[in-house]
Amino acid sequence: MQIEYREEPCRSALNRVKGMPFEWSLNPYMGCAHRCTFCYVRAFELRADRPADDRYGRSIRVKTNIAQVLARELVRPAWLGAGIAIGAATDPYQPCEGRYRLTRACLEVLGAAANPFSLITRGPMIVRDLDVLQTATAQAATRGAEVSVMFSIPTLDDEVWRTTEPGTAPPRQRLRALKELVAGGVKASVGMAPILPGLSDRPEQLEAVVQAAREAGAASIWANLLYLKPGTREHFLVALAHDWPEELDRYEQLYDGRAYLPAEETQPVRDRVRALAREHGVRDRRPPQPEPPPQPEQLTLAV
Ligand code: SF4
């Protein structure tokens, strides 16, 4: 598949975010060559009047100067060192990161500034940057803050993965990457999202992910079910009708007139994953991190 890469410098690196658990986000690329059928970003694309259908992920914007712009933004007096979410609108370790290394450059800038961040990805390429993640983790700790990585691993079911995530690496590769990061002292967790009703929510499927996450050393695990906002909805249902036509009725009923499933559908799955995490003992098992050095004391000037 031909993908176009548009090298377009950016004017700002950090985006202010509303209505999310984080206030600031950073995305070195816009658009994602992984092209998951369920990708929630398709909804943003539709709102921005860009293609959300099969054309999504075929044209990627590359913010070639993002690390330099980020470095300038982090030294502004108004910047108070808030946590930054990396990869909320595109995968920062999609294939072109191998060539452009923009995510790596941003992590270096954040590490040098001891600025905390969380990063979400489906890309095992992240192990290439273990060294900068280690530095950033140690630097953030000097301010009592944290660096963390979240691997999106909704399922280990090969058929579901292959069919819904046409461009990602196999989930077990992500688990191997997670294991390497944890062995290197980096905090890494698993987000099981989106879980697909009838396709990846069977108890044994849920348990397989939790067990594998525990074996890899995940610090925590959470789960969420598919939601379908306009833009994602049309594309996902077309793909579903093609790949699992027998499931179409179920989805049309479940998501009839709503984007999010009600609690009676989502809570049992979340509770099940939480219980499995407890049973399997999922927790942060990294060796104790060295205490950050004390902050220099403010000298009192004799007058
Ligand atoms: S990896 Fe994430 S951002 Fe990329 S297509 Fe899949 S869901 Fe969307």
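This report describes selected strands, helices and backbone features of a predicted model.

## Basis of the description

Residue numbers start from 1 in each chain and follow the sequence as written. Because the model is predicted, local features need pLDDT of at least 70 and side-chain atom pairs count only at pLDDT 80 or more, while totals for chains, interfaces and linings use all residues.

Helices (H or I, at least four residues) and strands (E, at least two) are DSSP runs, numbered from the N terminus.

## The three-stranded sheet

An open sheet of 3 strands has the order E1-E5-E4, and its pairing is mixed; two strands pair if DSSP finds at least two bridges between them. Strand E1 (4-7) and strand E4 (29-30) are the edge strands, each pairing on one side only. E1 and E5 run parallel and are joined by 4 bridges, whereas E4 pairs with strand E5 (residues 59-62) in the antiparallel sense over 2 bridges.

Arg61 in E5 has Arg6 opposite, and Met30 also stands opposite Arg61. In a regular strand the side chains alternate between the two faces of the sheet. In E5, Ile60 and Val62 form the covered face, and Ser59 and Arg61 form the uncovered one.

## The buried side of helix H2

Helix H2 (residues 66-74) has Ile66, Ala67 and Leu70 as buried residues. A residue is buried if 20 or more other C-beta atoms lie within 10 Å of its own, exposed if 12 or fewer, and partly exposed in between, with C-beta atoms placed from the backbone.

Contact here means that the C-beta atoms of two residues, placed from the backbone, lie within 7 Å.

## Packing of helices H4 and H5

Two packed helices are described by the angle between their axes and the distance between the axes. The axes of H4 and helix H5 (residues 130-141) come within 8 Å and cross at roughly 25°, so H4 is roughly parallel to H5. Axes are lines fitted to C-alpha atoms, for helices over the stretch in contact, and angles run from 0 to 180 degrees between N-to-C directions. Angles under 35 degrees count as roughly parallel, over 145 as roughly antiparallel, 65 to 115 as roughly perpendicular and the rest as oblique.

The crossing of H4 and H5 is left-handed, meaning that the near helix is turned anticlockwise from the far one by less than a right angle; clockwise would be right-handed. Arg104, Leu107, Glu108, Leu110 and Gly111 in H4 meet Val132, Leu133, Thr135, Ala136 and Gln139 in H5. Thr135 is partly exposed, with 18 other C-beta atoms within 10 Å. The C-alpha atoms of Thr135 and Gln267 are separated by 38 Å, and these residues are 132 residues apart along the chain.

## Backbone exceptions

Most residues other than glycine have a negative phi, and most peptide bonds are trans. Arg35, in the loop between E4 and helix H1 (41-47), has a positive phi near 55°. Arg35 is buried, with 22 other C-beta atoms within 10 Å. Asp49, in the loop between H1 and E5, has a positive phi near 65°. Asp49 counts as exposed, with 7 C-beta neighbours inside 10 Å.

A cis peptide bond, with omega about -5°, joins Ala193 and Pro194. Pro194 belongs to strand E9 (residues 187-195).
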